[in-house]
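Please consult the sequence and the model shown here while reading.

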Amino acid sequence: MKSVFIPFVVLTVGLLAFSTYQALFVAPTEQTMGEVQRIFYYHVPSAWTAGVCFFVNFLASVLYLWKRNAASDALAAASAEVGVMFCTVVLITGPIWARPVWGIWWTWDARLTTTLVLWLIYVSYLVLRRFSSGGQTQVLAAALAVFGFVDVPIVYMSIRWFRTQHPSPVMGGGENSGLDPAMLYVFFWNLLSFTCVGIVLMVIRYRLQMLEEKVEAAHVTAALQGGAR
Amino acid sequence: MTGTSDTFSPPVIVLKDLVKFFGRFGAIRGVSASFAPGRLYVVIGDNGAGKSTLLRIIAGLMEPSQGSLTLLGASKVRDVARSLGYMGHAPLLYDELSGMENLRYFAGLYGLHDEGVCQNAMQMVGLDPELSRRVAQYSQGMRQRLSLARAVLHDPELILLDEPFSNVDVHSAREMAALLGRMRDKGKTIFVVTHQAALMEDIADEFVHMTSGQIVAREALLPPRRTSVDSKAEKWL
Amino acid sequence: MSTFGMTGATLYKDLRMEWRSKDAINSMLFFALLVVVIFSFAFTPTAEESRHIVGGLVWVAFLFAAVVALNQTWARELRNQVLDAYRVSPAPANALFLAKALGNFLFVVVLEALMVPLFVVFYQLRSVGPVWQLLVVALLGTWALVVNGTFFAALSIRTRSREIMLPLILFPISIPALLGMVDATTSILTGEASPDFWIKMLAVYDVVFTSVCLLLFESVLNAE
């Protein structure tokens, strides 16, 4: 697998460069919002990648609860961290976008609010991982991850409903606004490159976690052999 | 090192390459042993030798990091929980309830609803079932006796005791030790972790010595012991 | 004894212990009163306006009261390590969970029953919508908070800083339930909208998370 990874990283860097160039220079300027709209090419793909990461976290957590192996737990830890990172990007680019366009820093629209709640849930997951000790961490974190992920659709539906009752500006032009084909093209390149970046980061972080596991295991073996037998 | 195994009946506990690590600290560093039924084993060793950890693993409260454990023929301790009695280092009792109330609750967890069972257990350890005092107001000796009663309430085949005599007055300690001996005579298998080996000298079948997470010696006391019945102990029978 | 039987026995034991010591109850009652009074100082709207904000106030007050109660639940089992005695027995883990959750539920409902009249008095509340709907929302919402709260309290006792850990992991996941409770309560009080969606949503939330709790509790109980 290692031999595939390095070329993949190179490819990802290339993709990222390409898609960024596209987003900043090639994509047509939006009619009403102007240049600031280009942030959309970071905002939405980040949200998508965060979602992918959290989904991976859910699968890894369930797998851990079933098999109890170190690899599942490492993947869960890795995907949560990368997911939170992308989620943070969404939450920062959101206000940056909203301020010039709508004059407000924050709008409690369905998607942005869901992202905020998601961020809160997974940050709490990371805090739990940090604050629990020893062998329990993995089980407790995996349990919390299941709760968090199951909550996601409920969160989204609730906020959607809340918004229909109490409307406010929707970012990104609402549910059904179409995208100019040229913009769609750039958007998909960015979607692809961000997903690849997410995968690269997850793999690196996973490897780091597994290395830590190996170090611990080596200590254990050394201690076992060191004792009088 | 494997221990002696009784050729006439299957071992009640079989430990194979048991390992337990807390982070980098090896509490149990490779224990393989089998223990025959109907004996009273006394586990001794310094602090940090892994005695309590071993007991907790056998009781099913902790999973080993590596290795396997077979208890009464089952590979999962949960399956034989009904035949297991555990007395922890801490009292494992509710301070706000009386002795009988505690026992009634725990008996219920084992599916026992007969009031008589709880009363017998209390009398067996030398406590008065009529006592309505809350456990918080018990002396340490009384608390340890009640904890023992709770552990043996459901007539388990295997009884695990972690420091049952700690901070207990000599009189209570001797009576508890005698009681353990009599239970062993009835065919129960008993494991006692204690620092007070002297108390157990007369009734133990085997001393298991642990150091740094391993069993380093097993000292069987021959012939198999039977508790002498003296007049003082008689009244508790 | 069946799971229900053991749940009942554990619940009965807890209630009895609670009754005897009355520690938690007394301090909780006083805390609840304080919360209502402080909120009344902080937010002093007219009777008309109050109907719009009380939904939010009431549930935040309940949430804080509930968190203090939840932290206590498992504390009792950790004293003298008596939880070990349960774990060693053949009794099922879920019986313990349900007993704790039900105990917490009763406890928080009692608190709510005491806080509500205070809110009515301080805010001169009158409900435009039917009161029975408020009751349904209260029960569904309280169970939503309590079921997850009981589970997460069990999680957080195994961590450092356990008092802060509970609200930290409970609040984010409870956000949709809170949103539902607040909006439903406001809708009913003001009579301006139908709470039906929220009631259904809370019911779904309750079913989903009760199931998840029951599925995962045994693993969490035995993580050592």
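How many residues does the contact take from chain C and from chain A? It takes 26 residues from chain C and 26 residues from chain A, two residues being in contact if their C-beta atoms, placed from the backbone, lie within 7 Å. The model is predicted, and local features need pLDDT of at least 70, side-chain atom pairs count only at pLDDT 80 or more, and totals for chains, interfaces and linings use all residues. Residues are numbered from 1 along each chain as its sequence is written, while chains are lettered from A and ligands numbered from 1 in the order in which they are written.

**Chain C against chain A**
- On the side of chain C that touches chain A, α7 (162–190) and α8 (196–221) of chain C each supply at least two residues; helices are DSSP runs (H or I, at least four residues) and strands likewise (E, at least two), numbered from the N terminus.
- The largest share of that side, 10 residues, comes from α7(C).

**Chain B against chain A**
- This contact takes 11 residues from chain B and 8 residues from chain A.
- β1 (13–22) and β2 (25–35) of chain B are the elements that give two or more residues to the side of chain B that touches chain A.

**Nonpolar cores**
- The largest nonpolar core has 195 residues, and Leu144(A), Ala149(B), Leu160(B) and Ala65(C) have the most contacts inside it.
- A nonpolar core is a set of buried Ala, Val, Leu, Ile, Met, Phe, Trp, Tyr and Cys residues joined through C-beta atoms within 7 Å; buried means that 20 or more other C-beta atoms lie within 10 Å of the residue's own.

Methods:
A residue is buried if 20 or more other C-beta atoms lie within 10 Å of its own, exposed if 12 or fewer, and partly exposed in between; C-beta atoms are placed from the backbone.
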